[in-house]
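Have the sequence and the 3D view at hand as you read.

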Amino acid sequence: MQTFRKSERLCTFRLKELLFSQGQGFFSYPFRVVYYLINEDNLEPLFFKDDSVVYEGNPDQQSDLLAHQNPSWPHRRLPPTASFYQPVKMMVSVPRRNFKKATDRNRIKRLVKESYRKNKSDFYTFLKSRDLRCLLAFVYTGREILPYSETENKIKLTLQKLRDEIAARQHTGIKAGE
RNA sequence: AAGGCAGGUUGUCCUGUCGCUUUCCGCGCAAGCGGAAGGAGGAAAGUCCGGGCAACGCAGAGCAGCAUACUUCCUAACGGGAAGCCGGUUUGCCGCAAGGCAGGCCGCGAGACAGUGCCACAGAAAACAACCGCCGAUGUGCCGUUCGCGGUGCAGGCAAGGGUGAAAACGUGAGGUAAGAGCUCACGACUGCUGCAGGUGACUGCCGCAGGGGGUAAACCUUAUGCGUUGAAAGGCCAAAUAUACCGGGGCUUGAGGGCGGCUCGCCCGAUCCCGGAGGGUAGGCCGUUAGAGCUGUUGCGCAAGUAACAGUCCAGACAAAUGACAGGAGUCCCGGUUUUCCGGGAAACAGAACCCGGCUUACAGACCUGCCUUUUCU
RNA sequence: GGCCCCGUAGUUCAAUGGAUAGAACGGAAGUUUCCUAAACUUUAAAUAUAGGUUCGAUUCCUAUCGGGGCUA
């Protein structure tokens with residue numbers, strides 16, 4: 001399906017911090033691409049310390065209102081926006097330095113998101129076949145707004161390049177492991 | 001008819017496919033799926049003002065500071081708006097002229113007899129004026145004398161003319177005089193006061209009296225009025241997570257520090273405390289948060305801004321942040337061919353909600369309406 | 001979202017409301033040199049924009065534009 005729901009978007013501060021501090025990056029005009037490969041095992045300690053005490057809560061206060069206000073109560077659970085129901089979490093960033101007007105920034109982000117939505121399926125199957133999860137960010141470094149058809153072409157090229165890069169990394173990683 | 005200026009209204013629409021998001025309903029352990037209904041603006045912008053709302057303790061006083069400034073009204077309030085008054089400027093008319101009247105435009109438009117400061121250059125002088133100049137009637141020296149006086153100088157008088165400047169002490173005309181001057185008169189402009197008349201008022205008109213040494217308060221200032229500070233990252237609730245490790249300084253009723261924030265006084269709290277360094281943890285969720293000085297219409301009142309009554313109506317609610325993409329068609333405008341139709345191509349602005357309202361300011365393609373001005377044609 | 005500050009030559013800074021806006025570095029032209037450097041001479045170049053107050057604004061006031069900073 002050509003959907004682009006919230007679970008497929010990167011909208012959690014900690015994950016974003018992780019991506020930009022430890023992620024790999026490359027240029028593919030007009031984007032700067034940053035990605036970080038992840039699997040579910042190393043996601044949990046990011047949010048919860050191993051030795052942390054689990055607050056069990058007061059059973060008297062259990063009520064529907066409380067459960068509504070705090071979905072994670074009474075046990076630890078990842079925030080919904082941080083769960084990998086889909087293999088990729090993606091975001092777009094347009095610097096204010098290059099585009100002063102909010103309208104232009106909005107338009108670029110919408111074009112990029114639309115192009116990504118239509119062309120992501122190959123990338124998804126590629127990742128699913130290798131059991132990988134990925135954080136992904138597109139930073140728009142161009143100086144002018146491209147029309148939709150060009151943006152779509154650029155996104156196709158960029159996703160292809162990203163696939164090649166991930167494949168190459170995995171290959172060398174296995175080699176090093178041997 | 002064309003062009004310009006000012007003000008106001010509007011600011012593309014329809015269909016299909018794929019998608020985002022909110023609410024409701026149904027299914028599902030959950031992820032999610034299906035259906036229905038909604039989903040950017042006149043400026044959402046700048047953050048220039050005013051409010052609502054919230055916290056700061058449950059009394060307060062003074063100073064400082066800030067803002068505003070013709071009048072009346074509108075308003076929840078305003079530095080906003082409406083109507084007027086006054087002033088400036090411009091056009092036209094009247095007048096010999098000074099000036100007056102009418103229309104347009106503009107105005108942060110209290111006070112310069114409370115005080116202080118400043119006014120470069122030029123000019124004699126920029127605030128108790130005299131360089132050139134005019135006079136020398138009056139007093140006096142000298143010379144001449146026909147003994148009437150004349151000439152010249154001084155004491156002195158004057159502020160008309162020249163010149164400087166942004167600005168030099170009412171304007172025009174006449175009288176007057178030694179020369180002159182509001183010194184006097186006529187007309188005109190201005191300031192203050194008394195009275196009468198009109199107006200809610202700013203103010204205006206008339207009569208009378210008095211007056212004739214600037215400007216600047218968007219310089220300090222004075223007067224009057226108003227203002228507590230902070231700002232949804234306010235604030236409340238729930239959950240999660242920890243470390244008062246350690247180092248330095250101050251203080252414990254003879255009081256550190258804090259509480260309404262620039263200062264002082266007063267009042268209150270106050271010891272497992274306060275300040276600095278270094279370090280550790282969390283940064284999910286719900287409420288606030290979209291029914292409001294709301295919007296639309298009719299009628300009454302008011303010159304108007306507005307307001308009252310009645311009727312109808314619910315109109316985004318995201319949260320590292322949704323409202324999009326593509327295709328086709330219709331209408332508008334422009335260009336080319338054709339010039340009735342029609343065909344091809346292109347254009348469609350400024351711009352994106354972030355607690356919510358009322359204004360102001362700024363940006364804006366095109367279309368429509370109203371008023372004024374200019375040009376051309378016709379009657 | 002809220003608050004604050006600043007705009008002067010190409011750059012870094014000056015300038016009580018008062019004449020033609022000053023200095024350093026840099027630029028250009030010239031002298032010198034076989035050529036360059038250095039030195040010397042000359043020269044161009046600016047008050048963010050628009051209104052207003054004033055006789056007169058870089059300075060005072062208002063609005064706009066641009067830049068920077070602070071705020072969990």
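Start with the pair of strands β1 (residues 24-28) and β2 (residues 31-38): they run antiparallel and are joined by five bridges. Strands count as paired here if DSSP finds at least two bridges between them. One bridge links G25 to V34 in β2, and with two residues between them β1 and β2 form a hairpin.

A word on the ground rules: this is a predicted model, in which local features need pLDDT of at least 70 and side-chain atom pairs count only at pLDDT 80 or more, while totals for chains, interfaces and linings use all residues. Residues are numbered from 1 along each chain as its sequence is written, and chains are lettered from A and ligands numbered from 1 in the order in which they are written.

Stepping back, chain A has six helices and four strands, in the order α-β-β-α-α-β-α-α-β-α from the N terminus. These elements are DSSP runs numbered from the N terminus, helices being H or I with at least four residues and strands E with at least two. Among contacts in chain A with a separation of 6 or more, 79% link residues 24 or more positions apart; a contact means C-beta atoms, placed from the backbone, within 7 Å.

Now turn to helix α4 (residues 102-119). Its buried residues are I108, L111, V112, S115 and Y116. They lie on the same side of α4 because they cover an arc of only 130° around the axis, taken from the directions from the helix axis to the C-beta atoms. The face turned away from that side carries A102, T103, N106 and R110, which are exposed. Buried means 20 or more other C-beta atoms within 10 Å of a residue's own, exposed means 12 or fewer, and partly exposed is in between.

What does the buried side of I108 meet? I108 counts as buried because it has 23 C-beta neighbours inside 10 Å.

Methods
Two residues are in contact if their C-beta atoms, placed from the backbone, lie within 7 Å.
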